[in-house]
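Here is a short note to go with the structure. Please read the points alongside the 3D view.

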Amino acid sequence: MIRETRIAPLQSATIHATVFEDNAGTYFLVRNQRLTSRTKYFSAKWHHFWSLYPKEFSIVKCPTASMLADYLTKPLPRAAYESNRDAVQGW
């Protein structure tokens, strides 16, 4: 005997996310929701997040020193690298 499985319809997101951002340009772009001479080359389709902010996510300005994954994404001086590595990995 074969059972028919019904799939429930998609529902809206019920989670509110918080984005911690240390990039001033990104923070400005999200908060002010306008294109400038520096951002005019971005296609409008990439700005879909404007319809989601602040209903589904909020953005918080975070100092670079608090961004623990920096040692994985950019070159850092040895002291900053070791400090981030210690905070994330414990060694």
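Which residues make up the largest nonpolar core?

1. The model is a predicted one. Its largest nonpolar core has seven residues in all: Leu29, Val30, Phe49, Trp50, Tyr53, Phe57 and Ile59. In soluble globular proteins, nonpolar side chains tend to be buried together.

2. **Ile59 and its contacts.** Ile59 belongs to that core. Set aside its neighbours within four places in sequence, and Ile59 is in contact with Val19, Glu21, Tyr27, Val30, Arg31 and Tyr53. Val30 and Tyr53 are also members of the core.

3. **Aromatic pair inside the core.** The whole structure holds two aromatic pairs. One of them joins Tyr53 and Phe57, with 5.5 Å centre to centre and 50 degrees between the planes. That angle makes the pair tilted. Tyr53 counts as buried because its relative accessibility is 15%, under the 20% cut-off. Phe57, at 12% relative accessibility, is buried too.

4. **Aromatic pair between helices.** The other pair is Tyr71 with Tyr81. Their ring centres are 5.5 Å apart and their planes stand at 70 degrees, so this pair is edge-to-face. The pair links distant parts of the chain: Tyr71 sits in helix H2 (residues 70-73) and Tyr81 in helix H3, 10 residues apart. Tyr81 is partly exposed, at 34%.

5. **Salt bridge Asp70 to Lys74.** The count of salt bridges comes to two. In one, the side chains of Asp70 and Lys74 meet at 3.7 Å, N to O. Asp70 has 8% relative accessibility, so Asp70 counts as buried. Lys74, at 35%, counts as partly exposed. Side chains of opposite charge can pair when their charged atoms come close.

6. **Salt bridge Arg78 to Glu82.** Here the side chains meet at 3.0 Å, N to O. How many residues apart are Arg78 and Glu82 in helix H3? They are four residues apart in helix H3 (residues 78-89), so about one helical turn separates Arg78 from Glu82. Arg78 is exposed, at 65% relative accessibility. Glu82 is partly exposed, with a relative accessible area of 29%.

7. **Overall fold.** The chain has three helices and two strands. Along the sequence, they follow the pattern β-α-β-α-α. The radius of gyration is 20 Å, well over the 12 Å that the globule rule gives for 91 residues, so the chain is more spread out than a compact globule. Taken along the principal axes, the C-alpha atoms fill a box of roughly 65 × 45 × 20 Å.

8. Of the 91 residues, 19% count as buried. The accessible surface of the chain is about 7,900 Å². Carbon and sulfur atoms account for 58% of that surface. What share of contacts between residues at least 6 apart in sequence joins residues at least 24 apart? The share is 53%.

Technical notes. Residues numbered from 1 in each chain as written. Predicted model: local features only at pLDDT ≥ 70, side-chain atom pairs only at ≥ 80, totals over all residues. Heavy atoms only, no water. Salt bridge = Lys/Arg side-chain N within 4 Å of Asp/Glu carboxyl O. Buried < 20%, exposed > 50% of the residue type's maximum accessible area, 1.4 Å probe, protein only. Core = buried A, V, L, I, M, F, W, Y, C linked by side-chain atoms within 4.5 Å. Contact = heavy atoms within 4.5 Å. Phe/Tyr/Trp six-rings, centres within 6.5 Å; stacked < 30°, edge-to-face > 60°. Rg over C-alpha atoms; globule rule 2.2 N^0.38 Å. Areas by Shrake-Rupley, 256 points an atom, 1.4 Å probe, with all protein chains shown as cover.
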